[in-house]
Amino acid sequence: MAEKMNIPQFRSFVDRSDHAAIARVFDDKYIAEGKVGVEFRDTLIDYIGASHGVLASNGTLALYLALRALGIGPGDEIIVQDTTFIATANAVEMTGAKPRFVDIVSYKDPSIDLSRIEVGENTKAVMVAHLYGTACSNIEAVAAFCRDRGLWLIEDAAQAFGVRGAERHCGTWGDVGTFSFFADKTITTGEGGLVVTNDESLHERMVYLRNQGRVASGSFVHPEIGFNFRLTDMQSALGLAQFSKLDVITAAKSEIYSSYRRHLEGQVEFLDVRPDFSFIPFRVVVFVDDAEPVMERMKARGIEPRSVFYPMHRQPCFGRYSYAESEFPNANACFRRGICLPTWIGLDAEQIEYVSRALIDAL
Ligand SMILES: *Cc1c(COP(=O)(O)O)cnc(C)c1O
């Protein structure tokens with residue numbers, strides 16, 4: 001057997017050009033949110049194809065900002081896909097509204113199962129997450145469902161920057177879409193986020209809420225009550241440098257995905273990926289009968305695999321909602337079977353082969 005390798009779950013893809021971009025902000029002596037932030041925001045909304053956008057300090061606050069701008073609060077119920085990162089559900093909790101979790105389509109397709117949504121008197125919105133670098137398999141149907149019933153659609157596209165179909169970029173079907181630039185996302189600012197919308201008045205509310213209830217810094221007259229969800233120009237400079245490498249990032253991630261497929265085809269199942277959308281694997285996700293013991297054996301070989309998201313309805317922090325397990329067979333199976341393989345840029349052919357072999361041996 002080959003020598004033991006240590007392979008972490010993720011490493012950020014940052015290099016000298018990112019470093020130089022941050023250094024230029026230092027040279028200007030203006031490190032808070034300023035003109036670089038404006039350029040970063042405009043670059044992003046132009047690329048995504050949205051009419052408006054605001055930066056946020058991270059993806060969690062981007063979701064919260066979107067919900068607050070929509071006026072969501074106590075007494076409201078928001079439908080949330082059961083398989084997602086905790087921030088999607090927590091953003092709802094933070095407004096005082098109640099998340100109502102709904103199962104996913106199948107263990108290989110973590111999109112919300114439309115047929116299981118029950119719209120009640122207090123239901124105001126549906127929140128979906130485009131996970132693992134592909135688009136929700138049914139986003140068009142979800143958008144139509146929301147339109148027909150007068151519900152808002154909020155898309156958590158934290159993992160879907162660069163993921164687009166012929167018509168639209170993820171995050172632009174709904175009333176509002178959010179992105180994250182955390183260290184392991186497709187492009188990163190360390191921590192950072194973005195909200196996009198085509199609704200002018202929603203945009204205006206977000207502008208006030210994110211910056212102390214005023215349109216721009218420099219005034220001490222505050223027409224509204226607001227927060228500080230700004231992003232520094234140090235981070236925006238990093239974001240612009242990262243954005244300029246989006247093609248390189250996409251190609252490198254696709255190559256890693258293809259290598260894993262070559263090694264693992266027929267041995268494991270892969271996540272369903274929409275063929276009509278660009279695919280930028282956030283992680284390469286594979287499914288086995290029982291992930292836990294397989295991951296333990298991989299860890300013993302120096303690899304850091306990760307599970308897929310723990311279902312929201314089972315989260316200890318949401319224990320008071322007491323959901324019936326029978327409502328969530330697919331989210332439960334997704335968690336039981338799913339393994340996220342290391343997918344960071346810089347992983348070489350030998351390391352990918354090592355991870356693949358360790359996975360096959362573990363099976
Ligand atoms: C990363 C992520 C978030 C939260 O973003 P942060 O920038 O870490 O706050 C929300 N939802 C999903 C699906 C994510 O992957």
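Mentor: Let us begin with the cysteines. The model is a predicted one, and the count of disulfides in it is zero.

Trainee: What rules out a bond for Cys334?

Mentor: The sulfur of Cys334 has its closest cysteine sulfur in Cys340, at 8.7 Å, which is too far for a bond because the limit is 2.5 Å.

Trainee: Which other residues of helix 10 are buried along with Cys334?

Mentor: Helix 10 spans residues 329-337, and its buried residues are Asn330, Ala331, Asn332, Ala333, Cys334 and Arg337. Among the elements that cover them are strand 4 (104-106), strand 10 (269-270), strand 11 (284-287), helix 9 (291-300) and strand 13 (338-341).

Trainee: Which values describe the packing of helix 2 and helix 7?

Mentor: Two packed helices are described by the angle between their axes and the distance between the axes. For helix 2 (residues 35-48) and helix 7 (residues 233-243), the angle is about 35° and the axes are 8 Å apart. The crossing of helix 2 with helix 7 is left-handed.

Trainee: Which residues make up that contact between helix 2 and helix 7?

Mentor: Helix 2 contributes Lys35, Val36, Gly37, Glu39, Phe40, Thr43, Leu44 and Tyr47, which meet Asp233, Ser236, Ala237, Gly239, Leu240 and Phe243 of helix 7. By class, the residues of this contact are seven nonpolar, four polar and three charged.

Trainee: What makes the phi of Lys29 worth a remark?

Mentor: Most residues other than glycine have a negative phi. Lys29 is not a glycine, yet its phi is positive, near 60°. Lys29 sits in the loop between helix 1 (16-28) and helix 2. Its relative accessible area is 73%, and because exposed means over 50%, Lys29 is exposed.

Trainee: Which class does Tyr132 fall into, buried or exposed?

Mentor: Tyr132 has 2% relative accessibility, and since the limit for buried is under 20%, it counts as buried. Tyr132 likewise is not a glycine and has a positive phi, of about 65°. Its place is in the loop between strand 6 (123-129) and helix 5 (139-149).

Trainee: Why is Glu204 called partly exposed?

Mentor: The term covers values between the 20% limit for buried and the 50% limit for exposed. Glu204 has a relative accessible area of 45%, and therefore is partly exposed. Glu204 lies in helix 6 (residues 200-210).

Trainee: Why is the ring pair of Phe101 and Phe318 called tilted?

Mentor: Rings pair if their centres lie within 6.5 Å, and planes under 30 degrees apart are stacked, over 60 edge-to-face, and the rest tilted. The count of aromatic pairs by this rule is 23. Phe101 and Phe318 are 5.3 Å centre to centre with 45° between the planes, so the pair is tilted.

Trainee: What does the pair of Phe101 and Phe318 tie together?

Mentor: Phe101 is in strand 3 (residues 98-102) and Phe318 in the loop between strand 12 (306-307) and helix 10, so the pair ties together parts 217 residues apart in sequence. Phe101 is buried at 1% relative accessibility, and Phe318 is buried at 2%. Besides Phe318, residues touched by Phe101 include Val80, Asp82, Ala89, Met312 and Tyr323.

Trainee: Which rings are linked into a cluster?

Mentor: Ring pairs join Phe40, Tyr47, Phe161, Phe179, Phe181 and Phe243 into a cluster.

Key
Residues numbered from 1 in each chain as written. Predicted model: local features only at pLDDT ≥ 70, side-chain atom pairs only at ≥ 80, totals over all residues. Heavy atoms only, no water. Buried < 20%, exposed > 50% of the residue type's maximum accessible area, 1.4 Å probe, protein only. Helix = DSSP H or I, 4+ residues; strand = E, 2+ residues; numbered from the N terminus. Contact = heavy atoms within 4.5 Å. Axes fitted to C-alpha atoms, helices over the stretch in contact; angles between N-to-C directions. Left-handed = near helix turned anticlockwise from the far one by under 90°. Nonpolar A, V, L, I, M, F, W, Y, C, P; charged D, E, K, R; others polar. Phe/Tyr/Trp six-rings, centres within 6.5 Å; stacked < 30°, edge-to-face > 60°. Lists of a residue's contacts leave out its neighbours within four places in sequence.
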